[in-house]
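Welcome, and please open the model in your viewer.

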Amino acid sequence: MKEKLTLLASVVLFSLNTFTSADEINLYSHRHYEYDKVLFDKFSKETGIKVNVVKAGADELIERLKAEGDNSKADLLMTVDAGRLQRAKAAGLLRPVESKLLSERIPAAYRDSEGTWFGVSMRARILAYAKDRVEPGELKSYEDLADPKWRGRIIVRSSSNIYNQSLMASIIAEHGVHDARAWAQAVRKNMARPPQGSDRDQIRAVAAGLADVAIVNTYYVGLLINSSEPKDQTVGKGTGIFFPNQSDRGTHVNVSGVGVTKASKNFEAAIRFIEFLVSDEAQAGFPQVTHEYPIVEGAPWSGLLNSWGEFKSDSLELGILGELNAAAVTVFNEAGWE
Amino acid sequence: MSVSLEFREVAKCYSASDQPAVQDINLSLNEGEILALVGASGSGKTTLLRLAVGLETPDTGQIILGERIVAGPAHWVPPERRGIGLVFQDGALFPHLNVEANLTYGIYKLSRDEGKAITERLLEMVGLSGKEKRYPHELSGGERQRLGIVRALAPQPRVILLDEPFGNLDPALRCTMREEVRSLLVEFKTTVILVTHDPGDSLAIAHRIAVLCDGRIDQTGTPEEIYRNPKSEYCAGLFGPANCLVDDSGKQQWVRPDQLFVVNENQTDAIETRVLSFHQTGRHTEVAVRPRDTALAGDQKVWRLYLESTHLVEEGSSIWVTWNPFRKE
Amino acid sequence: MIAVLNRYLRRELDLWSLATVLLGLILLVPLFTVAIGLGDIGPKWDHLKSTVLSGYVFNTLLLVILVTALATLFAVPAAWVISVFEFPGHRVFAWVLILPLAIPTYVSAFVYFQFTEAAIPLLVNIRNVWGIEGFQVAEIVLRYGLLTVLMASVLYPYIYISARASFSQQRQRLIEAAHTLGHGLWSVFFSVALPLARPALVGGGSLVVMEVINDYGAVHFFGVPTLTEGIFRTWFGLGDLSSALRLAGLIMLVVFMILLLERAQRGRARYADPGHRSKPRTLRKLRGLQGAFATGLCLIPLTLGFLFPTGQLVIWAYRSWGKVFRTEFAMHLLNSFILAIVAALVLTSIALLFSYSVKLHPVRWLKSITGIAALGYAAPGAVVAVGVMVVIGSLDRMTASIGNGAFLLSGNLLVIGFAYCVRFLAVSLQPVNGGMSRICGSLDEASRSLGRGKLATLWHINLPLLRGTLVAAFTLVFVDILKELPLTMILRPTNFETMATTAFSLAKEGRIHECAVPSLILLAAGGLGLMAIDRLILTPQR
């Protein structure tokens, strides 16, 4: 009787388990795009390697990787922010990769120097402004937003969001904690309303006249312009894009990136996956579909991206964004930016 | 004396069944009168009470309280405005209120002092003084019953209805409670309808008794009348054992055991019977006999009578009995 | 000494209590592992205290009070009016009012957030007329107001269900007695019906409180930083798990205090009147203006909590129908259902086991274990997920060598099932405990005296009598699991989607209109289940 029960239990456990064969890789990803699936399917068709995905928040995925340890079935971790990748690296979850192709195609600023993670697409955090209420000449830099002339005219989402935290990290890296805090306080005072909603909601609020300038990621404007909702299209078209800090360090940028996990059992396949993501084929898709910038220099931009023009980007080593994340949150807390 | 409460041609049918709960009810109570409603379960006693209080609406007929029509085809007065008190079978005390709060619930319109005075008086009457702050679950069964009664009395209603008020009490307590309640009711000069299973209750307390059978009033009369001259087996059976006597014309009469006497066989009107069985009841010996002429005893075929404990009988022996419609001196 | 112990053990400990204790402890382990980190004061605690802590506490308390109050206002009048009166539509309202429970709070938040956008022109006008101060006041009132309304309208069914059960089963006698003592409808409601329903209201209310505290999606959207948001921000953003746990502990303290306060206020009064069940009551008819008023009382919460969000979702779904349906969609649907059904079955069984064991041995330590094991409901989903992950991870490390990794649990569906059990035990335990307590103890004793053992008594006597309660427990858990998001997202195996995760992904991607389709399916499944509860429990008088 006991043997029968054990057998039954084993069968049940077995059947509910997920098994990965050599022709599969498991990806833990924070990205939620439909387009990703298209990419993965293309990869599978070309290489015959199936891509299995778990989508969740990057923080939670990192915790899961920590708990699973060496027994984790994950081969890759993909996030929408370099800071998280740096954190994963610091926690010892990622494995250094040596790939000539990756080193050649991805600029050094957008990958880890030790090869534990690689950016695959890029975005800038810019100032979206109401074309009818703001002259481009009025806008200068992030720091300028602290000026009292912007009282009641700025709108930004919550500081809980990783994009804001990374931006703050870059400001701390530039000015130090003390000045960064002062800046955060001033910007918060200048906000038209307390932080709420997503980046797209900020842009919509600008269009509706509640504020004049919003700090958002570039691709959101693209998504609005190309939305199937006529209302959103109007909003998108009425919004101008300004790349701040062109006269000094450049606009803050961040990457969507991926790293191979230490626990990965399909090392080779995982590397092939990353190499695919930076192939011409994949890189050409980002500007068109998700309105992100390609990571590979010289890869074609979309008409929209071209219309925004070239810009100088902050050359700050992206790994620092992760190291200063806790400091950024602390500054936000102290400045009262919810 | 003026008429305090009257039912005119009242009938009520519950939608669930097509059998009417009560029908052709014509009943009127004088001021200060205590009427007992007796009948088997399902005879409609509770329905009548609920109709009177206003918890049910009559299908036909009218209910008149004093000079007001409170229920009828064109009239309706809700329970809270009729001024009729109801004592529920199991007290229905509010568990979240203490004794004092329960008592004063119905007299909330009075001033604090007046309320307190009434409370003290009533509690003393039923021996609950000093227990004002207790909660119902902290009282004994008898105390709860008494509280239920004085709670209904507190607003001094003109009419009060009692639904099996002594239901949960043991016999000894029951007896004392009957006395107490009767004197309370008489003192307040309230008109009362008492619904009860227990024949002792109705005989002891009521001025008048109404017998309900299948929703109709079978018989009304004083306790004496109902006890001595029940019109049917049903009415008779409600108050204790009764013997069926069939006279020459075939008419049935109901005679109580204490109305049958053992006599000499030579006495006129003596009826020969044979002893079937007997047992002690404490006060006397109860003997079951069968008359020679079994037709005399109707369908029952058996008579019961009481003998002094000292009188000896034997099974199978013959005794002669006669009956006396009037009380034995 | 040993003999005494032996005798005690043999009397108190049997298979039932053993199983209960074992299961209870297993369910406690994940929370325990998380709580271990509670020991030392985290490095960021002082920073938290001096900056955001008071804000978190204030917002949490404010939201809890406002939402619970409004939910009570929605639920209680409607529940009473339906239990006591007959008015146009009352039969339909009786079960339809439960439907908002099927809507996840975050979905309703999407819908309601539209209002904040639509209100922007109005706010701009206010700013022009009344300046920044006026505008700020208006903005805060609007935001907190909308959030309160949206949460209250989705959560009031918890109170409504308890209140309605209480009002319907309340001894008709007491209400009648109150009437005969001269009190009219309003007076009877406030002086008798409402106080008597108090335990039920507290039960339902505490569920609302916990849901409000644990909400992460809606409060984040509307920019109201609560303790729960603080937990995640401190844990991930600041990297200080200990402080995050302290915040969680604070939450538990708040809940505990609220419950204690209520207990204390009750005093010696009793709120249950252990009389026999009353016959099906005759309802008083309401006509004309009064009837319309009663109908209105029911329509308002229903519209806010169900009709309006569903209507909006239907419109959105209609527009985006074609884009969403793919072959995998059916697979996701199946995943949702199978997972929810199996987990709900397991949880209901566990609740039955716990409840029966406690009835067999009403000793304090056994009751405490079952009570504490249900604490998972008070913890945020992600916290439970992490606790479970740590446990499973450790287990995996131990079994890794066996069978070449064949028994690794990570990524196994059983893990999610286990996490659901840890999190949702309270949802099944509460109704089953209530139902079990209503079974007269002498029935069990009679069965035992007639020679039937404990299992037979459970099967033949308790189970039939508990049928309705078990279905209610099953359905509540089923609906909760269907809606569940954070646990499922974090712990799932690869390529595993449910209706909830699909809806969330779509919303995250900004495809709000398309997320309406899985949301509606979620709603429909939950709604049907809730209808079943009503048919079986609330309507027939037992």
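Which exposed residues does the face of α3(B) turned away from its buried side carry? Select B:Asp113, B:Glu114, B:Ala117, B:Arg121 and B:Glu124: these are the exposed residues on that face. Exposed means that 12 or fewer other C-beta atoms, placed from the backbone, lie within 10 Å of the residue's own, and buried means 20 or more.

A note before going on: this is a predicted model, where local features need pLDDT of at least 70, side-chain atom pairs count only at pLDDT 80 or more, and totals for chains, interfaces and linings use all residues. Residues are numbered from 1 along each chain as its sequence is written, with chains lettered from A and ligands numbered from 1 in the order in which they are written.

Now select residues 112–125 of chain B to see the whole of helix α3. Helices here are DSSP runs of H or I with at least four residues, strands are E runs of at least two, and both are numbered from the N terminus. α3(B) has 14 residues and reaches 20 Å from its first C-alpha to its last, close to the 20 Å expected at 1.5 Å a residue, taken as 1.5 Å times one less than the number of residues.

Next, pick B:Thr119, B:Leu122 and B:Leu123, which are buried. They lie on the same side of α3(B) because they cover an arc of only 100° around the axis, judged by the directions from the helix axis to the C-beta atoms.

After the helix, stop at B:Gly127, whose phi is positive, near 75°.
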